[in-house]
Amino acid sequence: MDPVTLREGRADLALLVCVAALVALLTASAAAAPPLLDRLAGRALASRVDAAQRSAPGVEFSSAVDTEQAGERPGGPVNTLGEGLPESERAVRRAEPEELRGLLVRDSTRAELQPARSPLRGESVALSLLYADDGPKPREYVQGRPPGAPSPLGGAGAGAGAGAAGSAEPVEAAFSTRTRDALKLRVGERLTVQLGTRQTRAQVVVTGFFAPGPSRLGREVPLLHTPLKVAREATGYDRQVFGLAAPEALETLQRAGRIQLTATWRYRLALRGDDAVALATAEGRDRFQRALLQYQQGVNDHFCGQDEFGGQRCTVGGHTASAVSFTSALPEVVGEFGKEWRQARAVVSFALASLIAVSLATCVVTALLAVRRRAAAHRLQRARGASALGLAAIRAAQTAPFALCGAALGFGAAHAAAPEGASGLAYGSGLAVAVCAWLVLPVLTYAGVRDTGARDRGRQEASDGHRSTRAARRITAEALVVLLAAGGVVALRSRGLGTGPDPVLAAVPALLGLATVVLLVRCYPLPVRAAARWCARRRGAVPLIALSRAAKDAPARGLALLVLVLTLATAVFGSMVAGTVSEGRRAAAGWESGADASFVGARANPEVARRLARAPGVRHTVTVDRAGAELTGARDGGRYGRADLVGIDAAALRRAAPDSVLGRALEKDLTKGRGAGPGTVRKGAAISVLAESGPAPGTTYTSRIGGRSVRIEVVGTLPGAAIRDPAVGPVRQGRAERLLVADRAAFELLTGKDPEESALLLYGSGIDGDALRALVPRAAPGSPLGELRIKAEALAAGRDDGVLAALSTAHTVCALLAALLAFLALVLDLLLSAPERGRTAAQLRTLGLGARDTGALQLLQLLPLVLAAAAGGAVLGALLPVLLEPALKLREFTGGPADPAPRVDHGPAAVTAAAFVLLVAAAAAAETWLARRRGLGRVLRVGETGEGT
């Protein structure tokens, strides 16, 4: 066989294999995208649910049980609470809906007795006994043994009716070693407790002591490990203590003193694998929400029914009980996840659409190279009478087996990667992109041979009018691209994101990339020509020739520009989203905690606040109070709506946080205002405040706060950064009212000491979160004991969040694949334009150009392309969040008082751009080396000038 034919066949085979690989990648990306996104969503939801259940299980059922009264139960009443709790737990599981089977796993069953008073060594101790089946195991006891059940309950019943002077059957209890050391307890010691309003006395026998360990029970009930010393004047006790007891012991004491006994059944949502994927979908989340409501109703229906008078009667384990209450944070967690994932899916879809656009552009470059290599053969066939359509059909037939093989591989890979329980493969999308990639080569072949035929029939027919027509068509096409890109952006901004596949969102990346390329092709030759004119006035012809050729060849570099711009824009956009979300979460963590730590509810729990202020590592404390104020104009009597009046000690804030914008504003402006300021407070004066933008200084309002009439005088305006200062965050979570800030002394004197909300801010670099939590029993949102917020924990939760991890993973994979394809496309484009550059270099070599200058010529010809692409891609990537802002709400990921400030991590984009520059430099060096090895006769054949040379 002819060597030329073999060489051409090998070249075509390599390009066709490249087409097959591109078809496989396109098909796999388009078909597997929905199920793979579902898999990422499942992992993110599982991570979010696990984080929400670190402090407490996701589902809790509880009921107040009265063991003295027996209810009706099939098979007879249960004699002891120890038998009733497991039976009731099994009943709760039987009421579980089918949709929750396998998702909820049993966590623990607990019962807690109302605190009883115990005089002990001159102190009044509030003793609470708890039964927990997840409590310390016998091997964890360092002294004595676990508590057991008391003797039969006959004595308890007698004690129950004995009144104030009665006594109950002795019961057993165990305590931690820290409680032992604090109260100086010993095994076998009897503690006297007084139960309920009857003051019934009972004996609690200490049976053993366990070592506090890093258990969830200890984290949820810190008083079980460490007793808390409280102020007697505030609580009536000197200490609060928890101990462990058997359920029968709790029943004995409950019957004796008629005090409240609460039983709790706790379950955890365990999401793994396909279950997480199914639940993460919109339909799965809706089913889960409905199943929880059904579960709650089913449990109540099982335990409660109508009595003979038509009222509700509930029984737990054969004992009369209250209606079963249901507590779960999971609906809110799943709902918030749905909002965030909708935005995350949009960001990932944008990156995926950019990847597909880059892949198609690479297909076009590959096809152009294949057309160029077969151009001579096609011209000969056209001269012998072959039709353009026939040649295109032949190319389609040659490409079809490779395209089919690539499509089969792509669908196979997509099917293997798709998880069960996710949405099905997008066969339609995969088939559509595969067909598009397959048809690129036949279409370009048809266009090429048709133009060749026209040129062969008469090159001289091209007139100035024909050139004007082509220019007008080009301008029209470019204007259409820009208008379509603008229309896509406007559509996304106006209607937001869709709930399903969004064709507008899929088209916008390619349209914006094309629009950017149009502008670059029109604009970047201008500075290149200016540089060439500057070089013309200097010595040396190489820069002039190289820059002139680079400016002239700009329209032909459109595909390479498109690939590079989209790749760099995707990298910049992804890094900008990740950086903005990370920074926004840090700001939100600071806003939520207000300082290194904060205790919300400080006024309602003054003793806990004092204990926290003295905790190790705390260096400064600041108290922040908030009260709602309905503002009425002091002069015109007009109503100006509701505002948040916040009182804060400016001097203390400046000491604790010298960089606080709010502290500087208060110190600068409030102390100079009229009315009541620090050290000048008197009753009847006006509260001097700094106000959010709106009311001018000198404006006076009246309002009723805490039953008092208060005058408020605006003496200055708060800077925008002061409104979002973390110091006011703990008392303004989720509030949108206008902010008025006053000195705390004036606030406290004129509004009273019972604000709507109060927080103690704790500052110190050595704050230990575990040590603080040991001082605040059950400090959680909505707890009457307040809420403890620790900034380090919030930051750690933000870093470990599954949504952000899924977003980063998906965007990184798409960006890396796009970068690899961009490298391939750039290499192919350099091969496509290499003959023209080679002829130019050869002609200059005949005029005496040296090897070093030849290399510089090659590099300078290519460098403007890469620099223009880097600038265009960076600008487009940075503008994307702004262009798509109404549709792409990054605040959904972060929370906080305002939209997060944009923050770009330039690392990925800089690395990608540097890699492209190195690739161009390597290509220039390779071309120079090859040119030296080849003779000029092989490049400049007689009668061959090359178009555009």
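Student: Is the crossing of H11 and H16 right-handed or left-handed?
Tutor: H11 and H16 cross in a right-handed way. A crossing counts as right-handed if the near helix is turned clockwise from the far one by less than a right angle, and as left-handed if anticlockwise. This is a predicted model, in which local features need pLDDT of at least 70 and side-chain atom pairs count only at pLDDT 80 or more, while totals for chains, interfaces and linings use all residues. Residues are numbered from 1 along each chain as its sequence is written, and side-chain values use heavy atoms, with hydrogens and water left out.

Student: Why are H11 and H16 called oblique to each other?
Tutor: The axes of H11 and helix H16 (residues 503-523) are 8 Å apart, at an angle of about 50°. Axes are lines fitted to C-alpha atoms, for helices over the stretch in contact, with angles from 0 to 180 degrees between N-to-C directions. Under 35 degrees is roughly parallel, over 145 roughly antiparallel, 65 to 115 roughly perpendicular, and the rest oblique. H11 and H16 are therefore oblique.

Student: What makes H11 and H19 roughly antiparallel, then?
Tutor: Helix H11 (residues 330-373) and helix H19 (residues 558-593) cross at roughly 165°, and their axes come within 9 Å. H11 and H19 are therefore roughly antiparallel. Here H11 passes H19 in a left-handed crossing.

Student: Which residues make the contact of H11 with H19?
Tutor: Among them are Phe-350, Ala-351, Ser-354 and Ala-357 of H11, and Leu-562, Val-563, Leu-566 and Phe-573 of H19. Contact means heavy atoms within 4.5 Å. The contact of H11 with H19 has 15 nonpolar, four polar and two charged residues. Ala, Val, Leu, Ile, Met, Phe, Trp, Tyr, Cys and Pro count as nonpolar, Asp, Glu, Lys and Arg as charged, and the others, Gly among them, as polar.

Student: How many aromatic pairs are there?
Tutor: The count comes to seven aromatic pairs. Rings of Phe, Tyr and Trp (its six-membered ring) pair if their centres lie within 6.5 Å; planes under 30 degrees apart are stacked, over 60 edge-to-face, and the rest tilted.

Student: What makes the pair of Phe-61 and Tyr-267 edge-to-face?
Tutor: Their planes are 70° apart, with 6.5 Å centre to centre, and the pair is edge-to-face. Phe-61 sits in strand E1 (residues 59-70) and Tyr-267 in strand E11 (residues 261-269), 206 residues apart.

Student: How do you know that Phe-61 is buried?
Tutor: Buried means under 20% relative accessible area, exposed over 50%, and partly exposed in between (1.4 Å probe, protein chains only). Phe-61 has 1%, so it is buried. Tyr-267, at 0%, counts as buried.

Student: Why is the pair of Phe-61 and Phe-326 called tilted?
Tutor: The ring planes of Phe-61 and Phe-326 are at 50° and the centres 5.3 Å apart, so the pair is tilted. Phe-326 belongs to strand E15 (residues 325-328) and Phe-61 to E1, so the pair ties together parts 265 residues apart in sequence. Ring pairs link Phe-61, Tyr-267, Tyr-295 and Phe-326 into a cluster.

Student: Why does Gln-381 count as partly exposed?
Tutor: Gln-381 has 31% relative accessibility, so it counts as partly exposed. Gln-381 is found in helix H12 (residues 375-383). Helices (H or I, at least four residues) and strands (E, at least two) are DSSP runs, numbered from the N terminus.
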